[in-house]
Amino acid sequence: MLHAWCFLQLMLPLFHECCIEMIEKWEKLISSKESCELDVWPYLQDLSRDCISQAAFGSNHEQGHRIFQLLDELTILVIQVAQSVIIPGWWFMPTKANRKTKEIDREIQASFKRMINQREDAMKAGEAPNDDLLVLLIESNLKQAKERLNIQDVIGECKLFYFAGQETTSVLLVWTMILLSKYPHWQAQAREEVLQVFGGKRPEFDGLNRLKVVTMILYEVLRLYPPAAILTRVVCQEIRLGDLILPAGMEINLPVFIIHQDPELWGKDALEFKPERFSEGVSKATKNQVSFFPFGWGPRICIGQNFSLLEAKMALAIILQHFSFQLSPSYSHAPRTFVTLRPEYGAQLILQKI
């Protein structure tokens with residue numbers, strides 16, 4: 001089975017191809033004009049969806065986009081039901097919303113099941129690629145002697161990676177572009193670093209890992225705008241924390257957004273955009289406290305963390321090579337939690353070709 005870092009390196013050409021497709025669309029919109037106002041949010045969503053569909057599961061664009069469309073519809077319905085339910089057991093009633101929710105979930109399950117079965121058949125015939133996440137997941141599962149996942153568990157992992165993987169990257173990129181528009185001196189520093197490392201050439205793996213300023217910026221964006229504003233965990237067995245006893249089965253919500261901006265943990269400038277606080281790494285910035293966990297923490301940390309950060313670095317590097325950008329007067333700053341922390345009214349920026 002491929003090592004995780006080898007897998008990420010193999011994904012870089014695909015990341016690059018998806019990024020260039022987006023850049024070409026933006027260039028066509030600008031064409032002969034000096035600049036163009038554009039809501040970059042839907043483009044960044046499509047970028048991350050294309051990357052996750054092809055890199056992680058090798059599915060074609062139509063199949064991948066259909067799954068994302070279904071997941072979006074399912075998320076909206078689940079949130080609507082959760083916000084409106086006031087009667088115990090209402091979820092099990094055959095309402096229009098509940099029937100639609102179950103219908104969408106069945107179609108998602110069927111889509112993933114077809115993908116998994118097709119990949120297992122190809123593996124048995126020796127025809128499956130060995131460089132996508134689904135193959136790695138199936139191979140790893142087959143090697144488990146005792147705690148092997150059943151197909152529903154594998155589908156659950158696919159749904160999680162499919163949804164969380166694209167959401168994490170797209171929201172990270174959109175808030176990064178918004179903040180670099182508000183702080184042009186940081187945009188200039190990031191572009192200077194990218195051009196020093198790559199010039200106008202394709203960003204490569206080792207170079208992306210040397211982007212110190214870009215990494216500082218991404219960490220600070222993750223601190224101020226963590227993709228998941230709240231993390232939920234369930235206590236598996238009774239735990240004692242000092243004088244506090246947490247019984248088994250108890251649900252705990254970790255307010256990531258609040259902890260990331262707590263002045264007692266981060267100082268009086270906790271609400272300010274200051275990437276330099278990460279100049280010596282995360283441990284130094286946090287004073288070795290668990291106060292920065294945009295991807296979770298411990299054994300349940302997001303498996304797509306490195307995937308998301310590498311994709312974000314690639315996309316940001318290519319964007320900085322081709323465009324400068326600033327906030328449009330029509331932009332309205334409205335972060336809203338919709339599973340992840342999204343810009344409610346989009347991200348209207350003015351792009352200028354370099």
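Modeller: Contact here means heavy atoms within 4.5 Å. The model is a predicted one, and the part I take up is helix α7, residues 184–198.

With helix α13 (residues 305–322), α7 packs at an angle of about 95°, the two axes lying 9 Å apart. Angles of 65 to 115 degrees count as roughly perpendicular, and α7 and α13 are therefore roughly perpendicular to each other. On the α7 side, Gln 187, Ala 190, Arg 191, Val 194, Leu 195 and Phe 198 take part, and they meet Ala 317, Leu 320 and Gln 321 in α13. By class, this contact comprises six nonpolar, two polar and one charged residues.

From α7, Trp 186, Gln 189, Ala 190, Glu 193 and Val 194 meet Lys 212, Val 213, Val 214, Met 216 and Ile 217 of α9. The contact of α7 with α9 has seven nonpolar, one polar and two charged residues.

Read together, the two lists show that Ala 190 and Val 194 of α7 meet residues of α9 and also residues of α13.

Conventions: Residues numbered from 1 in each chain as written. Predicted model: local features only at pLDDT ≥ 70, side-chain atom pairs only at ≥ 80, totals over all residues. Heavy atoms only, no water. Axes fitted to C-alpha atoms, helices over the stretch in contact; angles between N-to-C directions. Helix = DSSP H or I, 4+ residues; strand = E, 2+ residues; numbered from the N terminus. Nonpolar A, V, L, I, M, F, W, Y, C, P; charged D, E, K, R; others polar. Parallel < 35°, antiparallel > 145°, perpendicular 65-115°, else oblique.
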